[in-house]
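Hi,

Here's the structure I promised to pass on. Have a look first, and my notes on the sheets and helices follow below.

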Amino acid sequence: MEEMKLYKACENLLTTCSHCKPEEKILIVTDTERMEIGMAMWRAAERFPNRSLILMNARTMHGEEPTDTVTAAMLEADVIFRCTYCSLSHSTAKAKACAAGARDLNCCDYDFDMLESGGLYTDFPANVKYVDQIAKGFEGGDKVEITSAIGTHYTASIKGQKIFPQYGMSLYPGQSSSPPDIECSTTATPGTANGVIYVDGSITHPRLGLITDKEPVRVEIKDSYVTSISGGPQAKILEEILEEIGDRRIYQIGEIGVGLNPDASLNGRMLEDEGCMGTVHCALGNNEAGNDIVLHIDMMFRNPTIKVDGKTILDEGEVVF
């Protein structure tokens, strides 16, 4: 029966991506929107006697806190698989679980197509070299310049900002990952981001996803805040989303992430899209440079070039070694 199918992608998550051990407490967090994905992980983890599965109502926005009961379960787990509709990655619950030593894997918004093929089937260890090369390019840098053939020209300082390599694997206590998202990111120093980005990939919000308009979403930035959004119908939706949130902090742009999974492709699913080789994403809202709003919206664009202090580290989507 189809509902009993075991997916190699789930096995990859339990082995290559997390190195789960037989005696460990394995927790699968799922919700009403992604329960079938949670159950696929549950079946794949049958050989682990200390596995548990907990179900909650779906969150409505990335970064929202889970229920208190889910938070308590996360604090007790050795390994957490978060098979949810919206991401809990920017939640306090996730931060506390990792601080307590959990190995955390964000599996938000998966669908069965992702379990059948794509980025979850990549050779995760082999892709480490791409992440490390971009991290090396960011390290010690100051001025970042991002351009694209369709008009993106975005500059910011990253001086003194942390670098976040994401290998798609959580192998050590406290480590968090989001397979198939393999990327390397940093953060624009607040107040230093300026320019314009043309978003022609996807936007991580349930009302958006893949950019299908002929006209990309044009986002103007001044002193690290979005000042205008223009384009087709999807640009209007993004404007409406930000207005409905009603908090100026959501307009702050911070994260700069480089997708580095060669087997991922843009499909409207956040973790596949963020990790897609040949894309860069800039994020609104919550970031590591001090913006503590719980919401986080990524905007992916294709085939960019990145220069750090004048040196090219990504050339039209290709990693420069």
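Start with Gly-195, which stands opposite Ile-221 in β13. Strands here are DSSP E runs of at least two residues and helices are H or I runs of at least four, numbered from the N terminus; two strands count as paired if DSSP finds at least two bridges between them.

Before going on: this is a predicted model, with local features needing pLDDT of at least 70, side-chain atom pairs counting only at pLDDT 80 or more, and totals for chains, interfaces and linings using all residues. Residues are numbered from 1 along each chain as its sequence is written, and side-chain values use heavy atoms, leaving out hydrogens and water.

That pair sits in an open antiparallel sheet of 8 strands, ordered β14-β13-β10-β6-β5-β18-β19-β20. Its edges are β14 (225-230) and β20 (318-319), each pairing on one side only. Helix α6 (residues 128-138) touches β18 (305-308), β19 (311-315) and β20, at about 150° to β19. Contact means heavy atoms within 4.5 Å; angles run from 0 to 180 degrees between N-to-C directions, with axes fitted to C-alpha atoms (for helices, over the stretch in contact). Helix α7 (residues 233-245) packs on β13 and β14, at about 140° to β14.

There's also an open antiparallel sheet of 7 strands: β7-β9-β15-β16-β17-β11-β12. β7 (164-166) and β12 (209-210) are the edges. α6 packs here too, touching β7, β9 and β15 (253-259), while α7 lies across β11 (202-203), β12, β16 (279-285) and β17 (296-302).

Cheers
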